[in-house]
Amino acid sequence: MQPILKIENLTHTYSVGTPFERSAVKDISFTVNKGEFLGIIGHTGSGKSTLIQHFNGLLRPTSGRVLLDGKDIWAAPKKIRDVRFRVGLVFQYPEYQLFEETVYKDIAFGPKNMGRSGDDLDRCVRWAAKLVGLSTSVLEKSPFELSGGQKRRVALAGVIAMEPEILVLDEPTAGLDPAGRENLMANIRDYHVNHGGTVILVSHSMDEIARNAERIIVLKSAGILMDGTPAEVFARGNELLAAGLEVPQITRVAMALHRRGVEIDPAVYTVEALHRQLLALGKGGGVC
């Protein structure tokens, strides 16, 4: 696969030279491939939010580099704005950043600043609204009249309308009810599949990451604890738990069954996979 984003020995230290000096990210290196759906997980204070703010230059490394298509994003600081068009970042609770008079104008803000206008601007606004599940009937409404879930979709559409090569999502489903979370993640999966963009999902929920990511990076104490496929990461379930992190609920079930002597893979992380294994055992006489 072709790499699109490369993090090289990245360190970010706050309050340098003071008694409060602290490295939120320390000597981190990894590569993100084009078209990949990457999950980043870690407990509070592990460095997740600090790390992703380097991807589009909102933060500048204390040391190390961020390479986009092989080029250091800080090689030409005056062009950092162009990087932010290519790497779209949706913050946690992005609805608090809505400010325009109408939903349409809020979604149009980003692409308009990229120079789009007329029919081209209208096309990308309506395309992005449809992609995140917003009906055309809400486009002329004030975003402040909408529900929390609808506001979240408006904010997401505003970033997607810029058609970034990399879409970075920081806890996009925080505060939503279960139905709202799944609906929004379905929209994000559709974007990933149909648009072919690279998606980086930051979440505190192992279940959410397990259901969506093709690869997972686990952060702990400002560094990388694990980097691998979901199967590789959840095969180390006991290590995750010992580090104070969670595993998907279905993995907990599989681990408990395995401890009781049921011959199944304790690293299983989807209901469907566990169901298949139990059915196979049942046919072989291994499960009562």
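Mentor: Let me start with a term: two strands count as paired if DSSP finds at least two bridges between them. Please also keep in mind that this is a predicted model.

Trainee: Okay, so what order do the strands of the open sheet have?

Mentor: The open sheet has four strands in the order S2-S1-S4-S5, and their pairing is antiparallel. Strand S2 (22-33) and strand S5 (71-72) are the edge strands, each of them pairing on one side only.

Trainee: And how many bridges join S1 to S4?

Mentor: Five bridges join strand S1, residues 3-14, to strand S4, residues 63-68, and the two run antiparallel. If you look for Leu5, you will find that its bridge partner in S4 is Leu68.

Trainee: Switching topic, how much space lies in the largest pocket?

Mentor: About 590 Å³ of space lies in the largest pocket, and 24 residues line it, with Leu89, Gln97, Phe109, Val159 and Met162 lying nearest its centre. By type, the lining divides into 15 nonpolar, six polar and three charged residues.

Trainee: Which element gives the largest share of that lining?

Mentor: That is H3, which contributes five residues; the elements that give two or more are helix H2 (80-86), strand S6 (87-90), helix H3 (103-113) and helix H5 (148-160).

Trainee: Which residues in H3 are buried, then?

Mentor: Val103, Tyr104, Asp106, Ile107, Ala108, Gly110 and Pro111 are buried in H3, and what covers the buried residues of this helix includes H2, helix H4 (118-131) and H5. Just after H3, Gly115 takes a positive phi of about 105 degrees.

Terms used. Residues are numbered from 1 along each chain as its sequence is written. This is a predicted model: local features need pLDDT of at least 70, side-chain atom pairs count only at pLDDT 80 or more; totals for chains, interfaces and linings use all residues. Side-chain values use heavy atoms; hydrogens and water are left out. On a 1 Å grid over the protein atoms alone, a cavity is a set of points where a 1.4 Å probe fits but cannot get out, and a pocket is an open set with protein on both sides within 12 Å along at least five of seven lines; lining residues have an atom within 4 Å of a point. Grid points are joined across faces, edges and corners, and a volume is the space filled by probe spheres set on the points. Ala, Val, Leu, Ile, Met, Phe, Trp, Tyr, Cys and Pro count as nonpolar, Asp, Glu, Lys and Arg as charged, and the others, Gly among them, as polar. Buried means under 20% relative accessible area, exposed over 50%, partly exposed in between (1.4 Å probe, protein chains only). Contact means heavy atoms within 4.5 Å.
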